[in-house]
Amino acid sequence: MLHLLTILIFLPLIGGLLILFFKKGNPNAIKIAGIALSTVTLIVSLIVYVGFDASNPGMQFTHKTVWISSFDISYSVGIDGMSLLLVMLTTFLTPIAMLSSWNSIEKRVKEFTIMMLLLETGIIGVFCSLDLFLFYIFWEAMLIPMYFLIGIWGGENRIYAAIKFFVYTMFGSLLMLIAILWLGYYASMQPGGQFTTDLLQLYTVGPTIPFAIQMWMFLAFTLSFAIKVPLFPFHTWLPDAHVEAPTAGSVILAGVLLKMGTYGLLRFCLPLFPQSSVKFGPYIAALAVVGVIYGALVSMVQTDMKKLVAYSSVSHLGFVVLGIFSFTEEGIQGSMIQMVNHGLSTGALFLIVGMIYDRRHTRMISEFGGLAKVMPLMSTFFMIVSLSSIGLPGLNGFIGEFLILLGAFRSTFLSQWYSMLAATGVILAAVYLLWMYQRVIFGKVTNPANQSLQDISTREIVVLVPIVLFIVWIGVYPGTFLQQSSTTTRHIVSVVQSQRAHDVALIPAPK
Amino acid sequence: MYSLTPYIVLFPLIGFLINGLFGKKLNSEKLSGIIGSGTIGISFVFAALIFFNMLGQPSEERSHIVSIFNWIAAGSFSADVAYQVDQLSILMTLVVTGVGFLIHVYSIGYMHGDAGFWRFFSYLNLFIFMMLNLVLANNFLLMFLGWEGVGLCSFLLIGFWHDQKFDTGGYQPGSAMTTDAAKKAFIVNRIGDFGFLIAMFLIFNLFGSLKFDDVFSRASSLAALGDTAIFWVTLLLFLGATGKSAQIPLFIWLPDAMAGPTPVSALIHAATMVTAGVYMVARCSILYALAPATMEIVAVVGAATAFFAATMGLVQNDIKKVLAYSTVSQLGYMFLALGVGSFTAGIFHVMTHAFFKALLFLGAGSVIHALHEQDIQKMGGLKSAMPTTYKTFLIAALAIAGIPPLSGFFSKDEILFRAFSQGSTVLWLVAWVTAGLTAFYMFRLVLLTFEGDLRWSHEKHPHESPKVMTVPLLVLAALSVIGGFIGIPSSLGGENAIERWLEPVFQRAESQLALTQGVSYLTEYVLMALSVVAGVAGIALARRMYLQKDRALIQPKGAFYKLLWNKYYVDEVYDAAIVAPMVKGSEKLLWRGFDVAIIDGIVNGVAKLIGLLSDQLRKIQVGVAQTYALAFVIGIIVVLGILVFR
């Protein structure tokens, strides 16, 4: 079990370096190597999963090596229930995404494979970092391969989308960097303290920072994460990035990258700045609710399937943020499982849209109709995945949405209206997804270009089946996954709740 | 014996999986049909075994809970997959699996030759599985799983022939597809489900549990009569019921749902799924008993729906549409019963209605199967060609018209009587008029379809359907005749077995309501006679209007007729008031106007602004050393100045 997390983080990177030595002329060997490497990474993550003790509230598999001793910056990694689920999601989706692009990536296969692996290292690193500086490095590092994935293998308008994605996220993270430095500096101002970026130490410092200062740090962190999520109204980079990104890029982008934002809120904003979280929570939750409804309405009227799915992410991630700022166990548990759910269902939606795109080189809804006739198997998968995204009970999406809405409804920090308004998003999800499904899949084949489309291949089935299995598993027996994060959730909630108790105690008792 | 319960639910699931996963490979109608119907048959046998076992037990020992596993647990919330077998749920289970089995068998004949035969059976099986979860659930969340699950199956089956056009009979003339109807059904139901969802949150807040036992046993101690929270809970649940059971204001999806294959209309949109709302309200009887305001709303909505749907049914020409409006209307009766506090009468009517309405739909299907036509103006004189279909259809029509001693008479009469004795004279009057209307439109349908001229092309040679279709008709006809005998009121010397059977389930609600039975047998007899009169009058009027040759096709013209023909323009109003503004507003205002122009405009604008400023800034960098030096000196002077003068 020696440094298992370190192996997990850097395995894809080392694999990527190895692939550098592969010959360009043999793209299949490179593809196989890439898939094999990410599968090995998946196996390593399974070892971590098996060894993980869900009842332990602390960080596990920790490993710490001093990096820059004068600033107390260290290479420090570890996971708890929340990071575990997201790491598993990452290692699960990466080989799937790579297998899905077997035929759709034709140019620069080698670079593509390397970029995917680098991306995986960056993401796993983000989820495992227990040092803010290290976290920041991974957070920024992961931007680079994503930038290239969009910029090189993307659609027509790829350069615009890639730069927008990069600059927008960068803008947010710079503010976060300032906040990180400020936080470390603040720690050094404490009696006997010194500059540090060690998260576990800062957990004790953060809540003691006076609100007037804490507030700015909180807002800097939150803005950075809100852009990543993306929270309304910081979402406009997302449709552009998705529409231009290659399928594999979209899968990882929607499946995992967006969760870095919601993960950040849970990992940093709530425990480091509980007072600010409580103060600003209702406002952020309000933006989340607006995002739920707004994303759904805008999604409904899209003409491009990929854009439709992209806007639906704004809606779905709104649910996640609402759950987080309910500060209830139900809500946060719902958010955690919903992060996984969204990764599965939206990932699968992008995969399917990609499969259609591979055949027709268009994603315009109006180009299609009657695909059930020519691609029955694909249509079945599409239906299951849509239903999962709609939140049909028995499939995964319902579990997350139900717990989030229940948590928000019961929250003592939010009015019940938040939950009730957000629940209309459940109706709207049925509208935009079923309407798209109807226009693309049902009816007669009216466009001759669709007449002779091939149904999905064995490779494509292999890509979709594991996702569908988890969609059903989480829907029927979510306990497997909920229990992994329950201890972590309880801990986060208790930190915020104790802050509220503290706040109440500060109010002088009436005499 | 109760340990058999999970198998009742399990077998339809197995049928669904076999047909769904391997049906195409099996490529055998015979196998798919046998698996599809057989699994439901087994479920029915198991349910019957449990039922007979219950009969032998004292009434207080008849309720059992069978837990399977813990479904969701987070924080203080927990919900199980657990089934509750009691007098009410076993009755519903028997109806669902029994009528369901007959309709499955019928479908073997009806769907013969369809390319999606196996798919059809897998969807039907999935439907039964979901419906059983709905009626057997021991908590609201599992009920909700079934609730949304049956909605999904309804969606899949309405749009089963997804490339077919569908006549909406008014709006979107000529362009609507069956999938439009399917989508409409799903979305309208989701609006109702929204109510159900919020109601669950409220219930969990109040009781800390979603288990029926926990909630109902503590309801009267935790909440006072007329409690606001309970009012909202019951009203929101009722919103869910108006969606699923097609009541005002959400009834609009059911007539369109006729786009589905006819066995689907019989099973889902007549006998079982649409009664889920009635079942749910009856299940929550104690909550409703604590919310008299909601009870009144339920009664009024039920009576109003019964009446308005019947008036729309008067003028329809599509055989299935008439039946659809009739279903909406009959469901209204059931809610009227619930609203006046007679939960038993509501459930009794659910049962008898399941028999005769399923029979009517299957009979209609038999006609459609023979004639490939749904317009009753192009039918007529079919009784000699299709004797079994005709006779069974006639029995069902008499039953729904409330002619004694058929089943519909007893259940409908019970509702009318309760509406009078526990409700108000107005409610009774509306229901009574509706009874007359019902008899009229049903016999208009019977006469135009089976009697009079032959108005179909002579190239068609309609003949009686195969045995696999007529046997279910005969069984349902028998049930339509005798089904009412379990509810013969004491005034007619009966024992009202169903009332005694269900008594323990509704005990809490009834003691809360404390209804006084201050009505004499004489009043009961008068009411009974009046309702028979209404039925007979309706039939007589229909015969007078439609049995004469030349009058068969007369369509009265006039504003009122036009209003009915266009179904009070409800679809058009919803479209203009909700759907169109939402779609147009989202596209023009939210997306193109706000998202692209304003939000993204600001984002790109900031980027552009920085670009422009940088351009200006670049001009400073002129590359002339003297300019730099000058700026340098000015800078030093300014800094020194600040330091000196501060």
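This is a short tour of the structure, stop by stop, with what to select at each one.

**Before you start**

The model is predicted: local features need pLDDT of at least 70, side-chain atom pairs count only at pLDDT 80 or more, and totals for chains, interfaces and linings use all residues. Residues are numbered from 1 along each chain as its sequence is written, while chains are lettered from A and ligands numbered from 1 in the order in which they are written.

The model scores ipTM 0.93 and pTM 0.93. Where pLDDT is low, the predicted coordinates should not be read in detail.

**Stop 1: chain B as a whole**

Select chain B. Its C-alpha trace spans about 115 × 65 × 55 Å along its principal axes. Chain B has 24 helices and two strands. Helices (H or I, at least four residues) and strands (E, at least two) are DSSP runs, numbered from the N terminus.

Now color by domain. Chain B is divided into domain 1 (1–138), domain 2 (139–565) and domain 3 (573–645). These bounds come from an automatic or database domain assignment. The C-alpha centres of domain 2 and domain 3 of chain B lie 63 Å apart.

Of the 646 residues in chain B, 55% are buried. A residue is buried if 20 or more other C-beta atoms lie within 10 Å of its own, exposed if 12 or fewer, and partly exposed in between, with C-beta atoms placed from the backbone. Among contacts in chain B with a separation of 6 or more, 81% join residues 24 or more positions apart. Two residues are in contact if their C-beta atoms, placed from the backbone, lie within 7 Å.

**Stop 2: where the chains meet**

Show both chains. Here 43 residues of chain A are in contact with 37 residues of chain B. On the chain A side, α12 (274–300), α14 (329–360), α17 (396–410), α18 (416–441) and α20 (479–506) each supply at least two residues. The largest share of that side, 11 residues, comes from α18(A). By class, the side of chain A that touches chain B has 27 nonpolar, 12 polar and four charged residues. Ala, Val, Leu, Ile, Met, Phe, Trp, Tyr, Cys and Pro count as nonpolar, Asp, Glu, Lys and Arg as charged, and the others, Gly among them, as polar.

**Stop 3**

Select residues 4–19 of chain A, helix α1. Its end C-alpha atoms are 22 Å apart, which agrees with the 22 Å that 16 residues should span at 1.5 Å a residue. The expected span is 1.5 Å times one less than the number of residues.

Go to A:F10. There α1(A) bends by about 40 degrees, and a proline, A:P12, follows within four residues. The bend is the angle between axes fitted to the seven residues ending there and the seven starting there.

Next, show the buried residues of α1(A), including A:L5, A:L8 and A:I9. The buried residues of α1(A) pack against α2 (27–51), β1 (60–68), β2 (73–79) and α4 (109–128) of chain A.

Move to α4(A). Of its 20 residues, 19 are buried, so α4(A) is largely enclosed by the rest of the structure.

**Stop 4: two buried residues of chain A**

Select A:A220 in helix α9 (residues 211–228). It counts as buried, with 21 C-beta neighbours inside 10 Å. Beyond four places away in sequence, A:A220 touches A:L175, A:M176, A:I178 and A:A179.

Then select A:S388 in helix α16 (residues 376–390) of chain A. A:S388 is buried, with 29 other C-beta atoms within 10 Å. From A:S388 to A:T346 is 42 residues in sequence and 9.2 Å in space, C-alpha to C-alpha.

**Stop 5: backbone checks**

Most residues other than glycine have a negative phi, and most peptide bonds are trans.

- A:P230: the bond from A:V229 is cis, with omega near -10 degrees. A:P230 sits in the loop between α9 and α10 (237–244) of chain A.
- B:P249: the bond from B:I248 is cis, with omega near 10 degrees.
- A:F327: phi is near 55 degrees, a positive value. A:F327 is buried, with 27 C-beta neighbours inside 10 Å.
- B:Y569: phi is near 60 degrees, a positive value. B:Y569 is partly exposed, with 14 C-beta neighbours inside 10 Å.
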